[in-house]
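I opened the model to look up a handful of local features. These are my notes, in the order I took them.

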Amino acid sequence: MSDLPFGFSPQDPDDRNRKPGDQGENPFDFNQLGAMLSQLGAMFSNAGTSSGPVNYDLAKQIALQQLAGKGGTGFRPDQDSAVTDAVHLAEMWLDPATALPAGARTAQGWSARDWVERTLPTWQRLCDPVAQRVSGAWVDAMPAEAKEAAGPLLSMLGQMGGMAFGSQLGGALAQLGAEVLTSTDVGLPLGPEGTAALLPDNIEKFTEGLERPASEVLVFLSAREAAHQRLFSHVPWLRQRLLDTVEEFARGITVDTSALEQMAGQIDPANPASIEEAMKSGMLEPQTTPEQKAALTRLETLLALVEGWVDVVVNEAVGERLPGAEALRETLRRRRASGGPAEQTFATLVGLELRPRRHRSAAALWKLLTDQHGIEQRDSVWEHPDLVPTAEDLDDPMEFAERFGQTRKALEDPMAELERTLREKDDDQDDKPEGDAQS
């Protein structure tokens with residue numbers, strides 16, 4: 001291995017006798033410098049094609065390049081028909097297990113490249129508020145004199161910040177695209193509405209070592225994807241509530257502006273990568289506020305309820321039909337509980353974890369509702385967000401099931417419920433001592 005420093009090339013053996021002043025001697029590698037300048041120019045050129053706090057053109061370019069290096073863009077024509085058949089079978093099995101009708105209008109097999117391109121609009125909605133808050137904090141923290149002196153440089157700073165966010169997002173999307181199994185694998189409705197999508201190449205990798213037939217794994221995952229689509233398609237408020245909660249978390253982001261001065265000394269304006277490194281260092285790590293903690297709790301609870309409902313419904317639909325269903329169910333639970341790709345992505349970008357920490361508690365609650373009130377009553381919980389269990393309800397599912405039963409009775413026969421309430425009030429008055437009753 002050569003001991004020459006970076007940027008220098010070994011001396012040509014034929015030039016050993018050449019004097020320092022001879023023409024042609026220049027130990028600096030100008031080809032390497034030219035390549036570096038070309039790369040920097042290309043990055044700024046790409047930055048000009050995307051407006052906003054995140055350069056999504058750069059994010060998409062980086063993600064697709066990294067996936068191409070991993071061989072993640074390949075796709076066989078027969079995989080699409082296999083996905084269609086598996087989803088069709090899963091839908092028939094799901095029909096008696098839930099009151100919600102089929103929600104997927106089409107079933108598709110996606111490559112990792114397809115996943116990046118078709119989920120990017122949703123990622124844009126999720127990442128924009130966060131990047132806007134962080135980018136805005138840089139400018140807000142500057143004294144008025146500094147802002148005036150900076151002038152056009154502020155625009156350049158925003159451009160470079162968008163590139164830094166885009167670079168981070170691109171790498172994260174590449175990682176996710178190489179690992180996700182379905183369009184709803186991260187718990188959020190990332191794909192187009194009404195489209196059940198599975199990634200056969202990733203499912204093949206996932207199947208290795210499971211000791212289960214590939215067709216069985218495909219049908220099981222198709223049932224999960226189809227169940228998610230029923231929920232997201234027929235519960236109008238759910239999709240919006242999930243995305244709004246992420247945005248609510250983002251709006252509360254505050255940055256420790258005292259770290260800006262320290263960061264300024266570590267950034268080389270000629271090297272956009274230095275901004276990304278500064279951001280990764282944690283100097284601009286968002287500070288969690290009480291409002292954000294509340295939003296995070298609501299998001300974790302709602303994600304757990306979605307995953308728990310899907311878990312119970314799919315188990316009811318395929319449990320007796322697929323011999324390996326219980327093993328696959330537990331494998332996916334562990335995969336989510338251990339902190340999968342979604343959590344890593346959000347932790348990198350916004351400090352927000354998407355792990356459904358209370359998945360098992362939510363599944364137990366839905367199973368209890370099914371046993372006590374039946375499938376139709378259980379699924380009616382999704383009719384309005386006020387009916388949905390809270391984090392406290394997951395602590396005491398028996399109390400929620402009892403309260404839910406009383407609520408449904410009141411909605412179905414309000415006059416009978418009013419009479420019952422009046423009778424209980426009269427009974428309470430009769431039980432009081434005479435003096436208390438008169439008072």
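The model is a predicted one.

**Entry 1. Arg 329 and Asp 311**

I began with Arg 329. Its relative accessibility is 14%, so I put it down as buried. Next I looked for its partner. Asp 311 forms a salt bridge with Arg 329, and the closest N and O atoms are 2.7 Å apart. Asp 311 lies in helix α12 and Arg 329 in helix α13 (residues 325–337), so this pair ties together parts 18 residues apart in sequence.

Is Asp 311 buried or exposed? I read 4% relative accessibility for Asp 311, so it counts as buried.

I then listed the contacts of Asp 311, leaving out residues up to four places away in sequence. Asp 311 touches Arg 224, Arg 329, Arg 333, His 359 and Ala 363.

**Entry 2. Other salt bridges**

Side chains of opposite charge can pair when their charged atoms come close. How many salt bridges does a search of the whole structure find? I got 18.

I picked out Arg 224 and Glu 307. Their side chains meet in a salt bridge, at 2.9 Å from N to O. The pair links distant parts of the chain. Arg 224 sits in helix α8 (residues 214–234) and Glu 307 in helix α12 (residues 290–318), 83 residues apart. Both Arg 224 and Glu 307 are buried.

I also noted Asp 379 with Arg 378. These two form a salt bridge, with the closest N and O atoms 2.7 Å apart. Asp 379 is buried, and so is Arg 378.

Which residues do salt bridges with shared partners join into one network? I wrote down Asp 311, Glu 326, Arg 329, Glu 330, Arg 333 and Arg 360.

**Entry 3. Aromatic pairs**

A pair of aromatic rings is described by the distance of the centres and the angle of the planes. I found four aromatic pairs in the structure.

Trp 115 and Trp 123 came up here. Their ring centres are 6.3 Å apart and their planes stand at 65°, so I logged the pair as edge-to-face. Both Trp 115 and Trp 123 are buried.

I turned to Trp 366 and Trp 382. Their ring centres are 5.2 Å apart and their planes are at 25°, so this pair is stacked. The pair links distant parts of the chain. Trp 366 is in helix α15, and Trp 382 is in the loop between α15 and α16 (391–395), 16 residues away. For Trp 366 I read a relative accessible area of 0%, so it is buried. Trp 382 has 3% relative accessibility and counts as buried. Trp 237, Trp 366 and Trp 382 form one aromatic cluster.

**Entry 4. Leu 369**

I stayed with α15, residues 359–379, where Leu 369 lies. Leu 369 has 1% relative accessibility, so it counts as buried.

What does Leu 369 touch, not counting residues up to four places away in sequence? I listed Gly 374, Arg 378, Val 381, Phe 400, Ala 401 and Phe 404. Arg 378 is also the salt-bridge partner of Asp 379. The C-alpha atoms of Leu 369 and Glu 402 are separated by 9.2 Å, and the two residues are 33 apart along the chain.

**Entry 5. Helix α7**

I went through helix α7 (residues 200–207) for buried residues, and they are Pro 200, Asn 202, Ile 203, Phe 206 and Thr 207. Why do I place them on the same side of α7? They cover an arc of only 155° around the axis, which puts them there. Gly 209 follows α7, and its phi is positive, near 90°.

**Entry 6. Strands β1 and β2**

Last, I looked at the strands. Strand β1 (residues 106–109) and β2 run parallel, and four bridges join them. Thr 106 stands opposite Thr 195 in β2.

I then sorted the side chains of β2 (residues 195–198) by direction. Thr 195 and Ala 197 point one way, while Ala 196 and Leu 198 point the other way. All of these are buried.

Notes:
Residues are numbered from 1 along each chain as its sequence is written. This is a predicted model: local features need pLDDT of at least 70, side-chain atom pairs count only at pLDDT 80 or more; totals for chains, interfaces and linings use all residues. Side-chain values use heavy atoms; hydrogens and water are left out. Buried means under 20% relative accessible area, exposed over 50%, partly exposed in between (1.4 Å probe, protein chains only). Helices (H or I, at least four residues) and strands (E, at least two) are DSSP runs, numbered from the N terminus. The arc is that of the directions from the helix axis to the C-beta atoms. Contact means heavy atoms within 4.5 Å. A salt bridge is a side-chain nitrogen of Lys or Arg within 4 Å of a carboxyl oxygen of Asp or Glu. Rings of Phe, Tyr and Trp (its six-membered ring) pair if their centres lie within 6.5 Å; planes under 30 degrees apart count as stacked, over 60 as edge-to-face and the rest as tilted. Two strands pair if DSSP finds at least two bridges between them.
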